[in-house]
Amino acid sequence: MKYKRILLKLSGEALMGERQYGIDPQRLKEYAQEIKEVVAKNIEVAIVIGGGNIFRGVAGELNGMDRVQGDHMGMLATCINGLALQSALEDEGLQTRLQTAIEIKEIAEPYIKRKANRHLEKGRVVIFGAGTGNPYFTTDTAAVLRAIEINADAILKGTRVDGIYTSDPEKDKNATKFHSITFKDVIEKGLKVMDMTAFTLSEENELPIIVFDMNKTGNLLKLLSGEQIGTVVNNQ
Ligand code: GTP
């Protein structure tokens, strides 16, 4: 296997499946099954999940809501998704722990790096909820931060596009995909991979980012087995 410990970043929106809001149980189950296959290969899996299927702080601000208030709502949304994912993973027979950046002790463990490491070593899937615990940061930033903290080998960003393209493939049919690209080229070409805070944090800490299509069955395991899936962003 190419990596021993990964941080998987899942988008909240992806959990909606074909719905307009909330969680599609079928999609959730599919994700849990994909993750189960990977755990079966003795890969240590940590997960950060977004909350956009429930609430986005930025959207709240556009509607006149205080940004900090909105971001707090977004952080709670990631905890709701985390609980749903935890439940789906446990239905597949996996051991899991949910740790949150904001204490909600009755519901989940607080985030403690050393405990997270121990859980991972024991083969438990660790889900990190509530983002970084701070407003103005995205769950992409939380994902990179946690990945660095736990020494993950890479961050795998599951999206609905199968990698990074020269331009938006949903708008431009001549767009071509990169198999790999450097951090520097992403910035120079003005490509969008993550927000800049998350992206530069990843670059400075030499954490490779892999963008891939999480909605294609088997993709996650193929990627980890070394098949050329998605796009890798690294320093080479
Ligand atoms: P080991 O020390 O490796 O055995 O880890 P462990 O997670 O099994 O031990 P621990 O006794 O810390 O946790 C037992 C259970 O309690 C697990 O399901 C944890 O997720 C849960 N747990 C631990 N701390 C908290 C907490 O602060 N809040 C909540 N809600 N659950 C917790």
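## Ligand shell

The ligand is surrounded by Arg-97, Lys-105, Glu-106, Ile-107, Ala-108, Glu-109, Pro-110, Lys-115, Arg-118, His-119, Lys-122 and Arg-124. The model is predicted: local features need pLDDT of at least 70, side-chain atom pairs count only at pLDDT 80 or more, and totals for chains, interfaces and linings use all residues. Residues are numbered from 1 along each chain as its sequence is written, and side-chain values use heavy atoms, with hydrogens and water left out.

By class, the shell holds eight charged residues, three nonpolar and one polar. Here Asp, Glu, Lys and Arg count as charged; Ala, Val, Leu, Ile, Met, Phe, Trp, Tyr, Cys and Pro count as nonpolar; the others, Gly among them, count as polar. Strand E4 (109-110) and helix H4 (113-121) each supply at least two shell residues. H4 gives the largest share, three residues. Helices (H or I, at least four residues) and strands (E, at least two) are DSSP runs, numbered from the N terminus.

A backbone N or O atom of Lys-105 lies 2.5 Å from a ligand nitrogen. For Ala-108, a backbone N or O atom is 3.2 Å from a nitrogen atom of the ligand. Arg-124 uses its side chain: an N or O atom there is 3.1 Å from a ligand oxygen. On its own the ligand has 620 Å² of accessible area, and the protein covers 55% of that. Accessible areas come from the Shrake-Rupley method with a 1.4 Å probe; for residues, only the protein chains shown count as cover.

## Helix H3 and what follows

Helix H3 (residues 67-91) has 25 residues. From first C-alpha to last, H3 reaches 36 Å, close to the expected 36 Å at 1.5 Å a residue. That expected span is 1.5 Å times one less than the number of residues. Gly-93 follows H3 and has a positive phi, near 90°.

Glu-92 sits in the loop between H3 and strand E3 (96-100). Is Glu-92 buried or exposed? Glu-92 is buried, at 14% relative accessible area. Buried means under 20% relative accessible area, exposed over 50%, partly exposed in between (1.4 Å probe, protein chains only). The Glu-92 side chain makes a polar contact with the side chain of Lys-29 (3.4 Å). Not counting residues up to four places away in sequence, Glu-92 touches Lys-29, Ala-32, Gln-33 and Lys-36. Contact means heavy atoms within 4.5 Å.

## Thr-96 in strand E3

Thr-96 belongs to strand E3. With 2% relative accessibility, Thr-96 counts as buried. The Thr-96 side chain makes polar contacts with the side chains of Glu-90 (2.8 Å) and Gln-86 (3.2 Å). Beyond four places in sequence, Thr-96 touches Gln-86, Leu-89, Glu-90 and Val-125.

## Helix H5

Helix H5 (residues 139-149) has eight of its eleven residues buried, so H5 is largely enclosed by the rest of the structure. The buried residues include Thr-139, Asp-140, Val-144 and Arg-146. Their cover includes strands E1 (5-10), E2 (44-49), E5 (125-129) and E6 (154-159), along with H3 and helix H7 (196-204).

Thr-138 caps the N-terminal end of H5, with a side-chain oxygen 3.3 Å from the backbone nitrogen of Asp-140. Asn-151 follows H5, and its phi is positive, near 60°.

Notes
Near = heavy atom within 4 Å. Polar contact = N/O pair within 3.5 Å; in protein donor to acceptor, adjacent residues only side chain to side chain.
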